[in-house]
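Please look at the chain below before reading on. The report then moves from the whole chain to a few of its parts.

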Amino acid sequence: MRGLLDTHKSHRKLSTLVENRTTYNAEYAELNIYETHVIAEQVSLKFDFPIIASMLTGKKVMHLEGFDAFDFFPGESVVMPTNKEMVIDFPIATKHKPTQCLALGIDAFKIEEVVGKFNHHVAIENENNNWDLDATSSHLINNVDVNHLIERLTYTFTNSNTSKDVLLDLMIQELIVRLLQTKAKSLITNDSHIFTDTRIGTVIKFIKDNLTNKDISVDQLAEKAYMSTSHFHKQFKNTLGISPIDYINSEKIKFSKKLIKSTPNLRMSEIAFQSGFNNTSYFNRQFKKTEMMTPQQFKASVSK
């Protein structure tokens, strides 16, 4: 991402030290890059279209309706509905190390178009749920697919290319689908009503109830969903944006983090076992893949 910011820096004009804004336009979207070079508090932003805001460098403290104030770091994003206010603190911004963030705005009709396709082709079977983006805010942490798309979009927005609008259109469609999958996943995994009304929801409940079971298989989950294994795998990944095995592992990692916080004297091998992993090496790999750090590094970060 640093190389992308260097390209941006060579073109942008600095007119203010707090949330200096540079805008890059495309046919269906605009990319705004904000830079703050001094410590500041209670800075308000609001957009008249849905946006996804992603941190690039530094740290913010975000105050959003429906959330307790939270630290906002690089690699994290928030999805904001139309006309929802963000109130932001900048606790560490300096002239030489500015806090930088991007806000990607997408035309509402483009979102509606992609949402319609998503709900028609990919929505969960046997229920009437329709997913949308422009309702509540979301805070995304360590969403690798979204982060990769943000990097590609930033590169394409800030560089000249004869096929720029075509490329951006494709990437924006993919981003909307990724966000819809993230939202569907959140709703399914947190809404007890959806648990009882969908086959995928029933499977999610089974996984949660048997999380420390080391022998959960995709075949077993497919049987619970009354689908063939191949169809179940495709339906699960299309709807939630993640494979059944990756979902199981991510839930086990969440459980392991709770154990690390609540029982710091436990050895990592015991935490791995209690979290449903067969061996410590696989646990370590999955933890780093999900959290971008090792279990030991996570333990050190929460024990400070």
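This is a predicted model: local features need pLDDT of at least 70, side-chain atom pairs count only at pLDDT 80 or more; totals for chains, interfaces and linings use all residues.

Residues are numbered from 1 along each chain as its sequence is written, and side-chain values use heavy atoms, with hydrogens and water left out.

The protein chain has 12 helices and 10 strands, which are DSSP runs numbered from the N terminus (H or I with at least four residues for helices, E with at least two for strands). Of the 304 residues in the protein chain, 47% are buried, where buried means under 20% relative accessible area, exposed over 50% and partly exposed in between, with a 1.4 Å probe and protein chains only.

Strand E4 (residues 51-57) is mostly covered, with 7 of its 7 residues buried. Its two pairings are set out below; two strands pair if DSSP finds at least two bridges between them.

| Partner of E4 | Bridges | Direction |
|---|---|---|
| E7 (residues 76-80) | 4 bridges | antiparallel |
| E9 (residues 99-106) | 6 bridges | antiparallel |

Within these pairings, Ile52 stands opposite Val79 in E7, and Ala53 has Ala103 in E9 as its bridge partner.

Helix H6 (residues 199-209) packs against helix H8 (residues 229-240) at an angle of about 90 degrees, and their axes are 11 Å apart. Axes here are lines fitted to C-alpha atoms, for helices over the stretch in contact, and angles run from 0 to 180 degrees between N-to-C directions. H6 and H8 are therefore roughly perpendicular to each other, a term for angles of 65 to 115 degrees. Ile200, Val203 and Ile204 in H6 meet Phe232, Gln235, Phe236 and Leu240 in H8, with contact meaning heavy atoms within 4.5 Å.

The structure holds 11 aromatic pairs, counted when ring centres of Phe, Tyr or Trp (its six-membered ring) lie within 6.5 Å. The ring centres of Tyr28 and Phe109 are 5.5 Å apart and their planes stand at 70 degrees, so this pair is edge-to-face, the label for planes over 60 degrees apart. Because Tyr28 lies in the loop between strand E1 (20-25) and strand E2 (29-36) and Phe109 in helix H2 (residues 108-121), the pair ties together parts that are 81 residues apart in sequence. Phe109 counts as partly exposed, at 45% relative accessibility.

Conventions:
Rings of Phe, Tyr and Trp (its six-membered ring) pair if their centres lie within 6.5 Å; planes under 30 degrees apart count as stacked, over 60 as edge-to-face and the rest as tilted. Angles under 35 degrees count as roughly parallel, over 145 as roughly antiparallel, 65 to 115 as roughly perpendicular and the rest as oblique.
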